[in-house]
Amino acid sequence: MSGLTNALVICAVVALVVVRQFKAQQIGTDRRWWLIPAVLVFLAVREPGLIDPAHRAAAVALLAAELLVGLAMGAAWARTSHVWTAQDGTAWSKGTKATAVVWAAGIGLRAALYGAGALLDIRQGSASLMLALAATLLVRSGLLVLRAGPGRATYGVADLAHDPMRKEPV
């Protein structure tokens with residue numbers, strides 16, 4: 001896949017995720033929550049040149065740092081997302097202002113990693129970004145599914161009035 005196509009895939013996924021994270025959405029507790037991360041991993045690993053052969057050790061270290069940032073961002077994103085259970089038993093989530101801070105910090109850290117790679121003259125493609133985005137989405141989705149799992153109390157209408165994070169009506 002060309003670099004332009006990779007960039008378009010990454011932008012489309014990020015736009016979809018960012019727009020959707022600030023709207024209340026039902027948490028899919030079925031087995032498809034890992035599908036988008038799996039597709040991103042597939043697209044990334046089939047790209048030639050994931051690791052710069054001229055700077056193999058530094059490129060692996062940079063990729064590992066990128067993945068760690070992705071994992072941490074996914075965990076922080078899940079932690080800052082508000083999760084609740086509707087009266088019908090369905091689990092819902094919505095990003096908070098802290099979620100926006102997590103995204104800004106993650107983008108800043110990724111830009112810093114890209115800058116460090118450029119300073120070290122390491123060739124960086126979009127595949128490493130796709131892998132990190134896959135890690136972010138996988139961790140976030142997995143943690144939200146765990147948080148929304150069975151045994152979670154269902155909020156009653158009276159409880160919703162006392163929940164400062166809850167902004168939408170039932």
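## A walk through the helices and strands

The protein chain holds six helices and three strands. What you have open is a predicted model, so treat each stop as a look at computed coordinates. Colour the chain by secondary structure and follow it from the N terminus: the elements run α-β-α-α-β-β-α-α-α. Of the 170 residues in the chain, 38% are buried. Among contacts between residues at least 6 apart in sequence, 82% join residues at least 24 apart.

**First stop: H2 and H5**

Select residues 35-45, helix H2, together with residues 126-147, helix H5. The two pack at an angle of about 160 degrees, and their axes lie 8 Å apart. Because an angle over 145 degrees counts as roughly antiparallel, H2 is roughly antiparallel to H5. Their crossing is left-handed.

Now show the side chains where they touch. On the H2 side, pick Ile36, Pro37, Leu40, Val41, Leu43, Ala44 and Val45. These meet Ala127, Met130, Leu131, Leu133, Ala134, Leu137 and Leu138 in H5. What kinds of residues make up this contact of H2 with H5? There are 14 nonpolar residues, no polar ones and no charged ones.

**Second stop: H3 and H4**

Next, select helix H3, residues 56-80, and helix H4, residues 97-119. H3 and H4 pack at an angle of about 175 degrees, with axes 9 Å apart, which makes H3 roughly antiparallel to H4. From H3, the contact includes Leu62, Glu66, Met73 and Trp77; from H4, the residues include Val102, Trp103, Arg110 and Leu113. The residues of this contact divide into eleven nonpolar, five polar and two charged.

Which residues of H4 are buried? Highlight Thr99, Val102, Trp103, Gly106, Arg110, Leu113 and Gly117. An α-helix has 3.6 residues a turn, so residues three or four places apart point the same way.

**Last stop: serine 93**

Finally, click on serine 93 in strand S3, residues 91-94. Is serine 93 buried or exposed? Its relative accessibility is 3%, so serine 93 counts as buried. Leaving aside neighbours within four places in sequence, serine 93 is in contact with Lys23, Ala24, Gln25, Ile27, His82, Val83, Trp84, Arg140 and Leu144.

How values were computed: Residues numbered from 1 in each chain as written. Predicted model: local features only at pLDDT ≥ 70, side-chain atom pairs only at ≥ 80, totals over all residues. Heavy atoms only, no water. Axes fitted to C-alpha atoms, helices over the stretch in contact; angles between N-to-C directions. Helix = DSSP H or I, 4+ residues; strand = E, 2+ residues; numbered from the N terminus. Parallel < 35°, antiparallel > 145°, perpendicular 65-115°, else oblique. Left-handed = near helix turned anticlockwise from the far one by under 90°. Contact = heavy atoms within 4.5 Å. Nonpolar A, V, L, I, M, F, W, Y, C, P; charged D, E, K, R; others polar. Expected span 1.5 Å × (residues − 1). Buried < 20%, exposed > 50% of the residue type's maximum accessible area, 1.4 Å probe, protein only.
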